[in-house]
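Here is a brief report on one protein model.

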Amino acid sequence: MNKLLIVFNTCGVSGLETLDYYKEALDSVYNQSFQDFDIIVASCLHKEEERIALQKAYPELDIYC
């Protein structure tokens, strides 16, 4: 059986979404009973330090910007 691929799109243009916002959303996905998935983060216009912090919090993520 193939794994499910989840693409989590993020955008830093507004500056309203914070690392806590993204953690809450990702934790919600990781806490599902279905666990056969991979997550890719598509990060648009975020500062590098925000991407690094997200990668440290979730080392299993692949982040593309």
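The text below starts with conventions and then moves from the sheet to single residues.

This is a predicted model, in which local features need pLDDT of at least 70 and side-chain atom pairs count only at pLDDT 80 or more, while totals for chains, interfaces and linings use all residues. Residues are numbered from 1 along each chain as its sequence is written, and side-chain values use heavy atoms, with hydrogens and water left out.

**Sheet**

Helices (H or I, at least four residues) and strands (E, at least two) are DSSP runs, numbered from the N terminus. An open sheet of 3 strands has the order 1-2-3, and its pairing is parallel. Strand 1 and strand 3 (62–64) stand at the edges. Each has a single partner strand, so one side of each lacks a neighbour in the sheet. Neighbouring strands here are turned by 25 degrees against each other on average, direction ignored. Axes are lines fitted to C-alpha atoms, for helices over the stretch in contact, and angles run from 0 to 180 degrees between N-to-C directions.

Two strands pair if DSSP finds at least two bridges between them. Strand 1 and strand 2 (residues 37–44) run parallel and are joined by 8 bridges. Val7 has Ile40 of strand 2 as its bridge partner.

**Helices**

Helix 1 (residues 19–30) lies across strand 1 and strand 2. Its direction is at about 170 degrees to strand 1. Helix 1 also packs with helix 2 (residues 48–57), at an angle of about 35 degrees and with the axes 11 Å apart. The crossing of the two helices is right-handed. Here left-handed means that the near helix is turned anticlockwise from the far one by less than a right angle, and right-handed means clockwise.

Which residues of helix 1 and helix 2 make the contact? Helix 1 supplies Leu19, Tyr22, Lys23 and Leu26, and helix 2 supplies Glu50, Ala53, Leu54 and Ala57. Contact means heavy atoms within 4.5 Å. By class, this contact has 6 nonpolar, no polar and 2 charged residues. Ala, Val, Leu, Ile, Met, Phe, Trp, Tyr, Cys and Pro count as nonpolar, Asp, Glu, Lys and Arg as charged, and the others, Gly among them, as polar.

How many disulfides does the structure hold? The count is 0. A disulfide is a pair of cysteine sulfur atoms within 2.5 Å. The sulfur of Cys11 has its closest cysteine sulfur in Cys44, at 4.5 Å, which is too far for a bond.

Exposure is given as relative accessible area: buried is under 20%, exposed over 50%, partly exposed in between (1.4 Å probe, protein chains only).

| Residue | Relative accessible area | Class |
|---|---|---|
| Cys11 | 34% | partly exposed |
| Cys44 | 37% | partly exposed |
| Thr10 | 7% | buried |
| Lys3 | 48% | partly exposed |

**Single residues**

The contacts listed here do not count residues up to four places away in sequence. Thr10 sits in strand 1 (residues 4–11). It touches Tyr22, Val41, Ala42, Ser43, Cys44 and His46.

Ile63 belongs to strand 3. Its contacts, under that sequence limit, include Val41, Ser43 and Leu54. Ile63 and Ile52 are 11 residues apart in sequence and 9.4 Å apart in space, C-alpha to C-alpha.

Lys3 lies in the segment before strand 1. Beyond four places in sequence, Lys3 touches Asp36, Phe37 and Asp38. Arg51 is 48 residues from Lys3 along the chain, and their C-alpha atoms are separated by 25 Å.
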